[in-house]
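Hi everyone, thanks for making time for this.

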Amino acid sequence: MTNQEHRRKKMSGSRRKRNKNIAIRNYSTQGILNCVYCTKELVTSNFTLDHFIPTSKFKKQKPSESPHRTSNLVVCCVECNDAKADLLPQEFLSILRKENLIPKKDIKIYSINKTLLLEI
Ligand SMILES: [Zn+2]
């Protein structure tokens, strides 16, 4: 089992559906959302939720909180979610920037409940 599958398994189906609905309510415009990392357009029927701080590292940073809380979840395309795996967001973004897949600055990432998580 990959880390990805492991993580997906930890969030129950009903919780994931509820969180996806929160993301759609807060961010979709005419059925379109954007991946917070590569900014690719995603349809509301086909996107993933990424743990901004990976579950494996979250407990070390915030032992008393759940990694599945809405303030740690972001809208993400399947490709970024798989590529990010267990990396911290800053680590993953620096890879995307080196490959010129995203701008060097003016990046703002919000969680599905509209918490500003990162500003570069
Ligand atoms: Zn992406």
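Let's begin with aspartate 50, whose bridge partner in β4 is valine 74. Please keep in mind that this is a predicted model.

Now look at β3 itself, residues 48-51. Which way do the side chains go? Thr48 and Asp50 point one way, Leu49 and His51 point the other way, and all of them are buried.

Across from there, what does cysteine 76 touch? Leaving out residues up to four places away in sequence, its contacts include Cys35, Val36 and Tyr37. Cysteine 76 also touches Phe47, Thr48, Leu49 and Asp50, plus Asn81.

This brings us to the largest nonpolar core, which has 17 residues. The members that touch the most others are Cys35, Val74, Val75 and Cys76. Strand β4, residues 73-76, is the top contributor to this core, giving 4 residues.

Let's step back to the whole chain. There are 5 helices and 6 strands, and along the sequence they come in the order α-α-β-β-β-α-β-α-α-β-β. Of the contacts with a separation of 6 or more, 65% are between residues 24 or more positions apart. Buried residues account for 23% of the 120.

And the overall dimensions? The C-alpha trace spans about 35 × 35 × 30 Å along its principal axes. A compact globule of 120 residues would have a radius of gyration near 14 Å, and this protein has 14 Å, so the two agree.

Definitions and conventions
Residues numbered from 1 in each chain as written. Predicted model: local features only at pLDDT ≥ 70, side-chain atom pairs only at ≥ 80, totals over all residues. Helix = DSSP H or I, 4+ residues; strand = E, 2+ residues; numbered from the N terminus. Rg over C-alpha atoms; globule rule 2.2 N^0.38 Å. Buried ≥ 20, exposed ≤ 12 C-beta atoms within 10 Å, placed from the backbone. Contact = placed C-beta atoms within 7 Å. Core = buried A, V, L, I, M, F, W, Y, C linked by C-beta atoms within 7 Å. Pairing = 2+ DSSP bridges.
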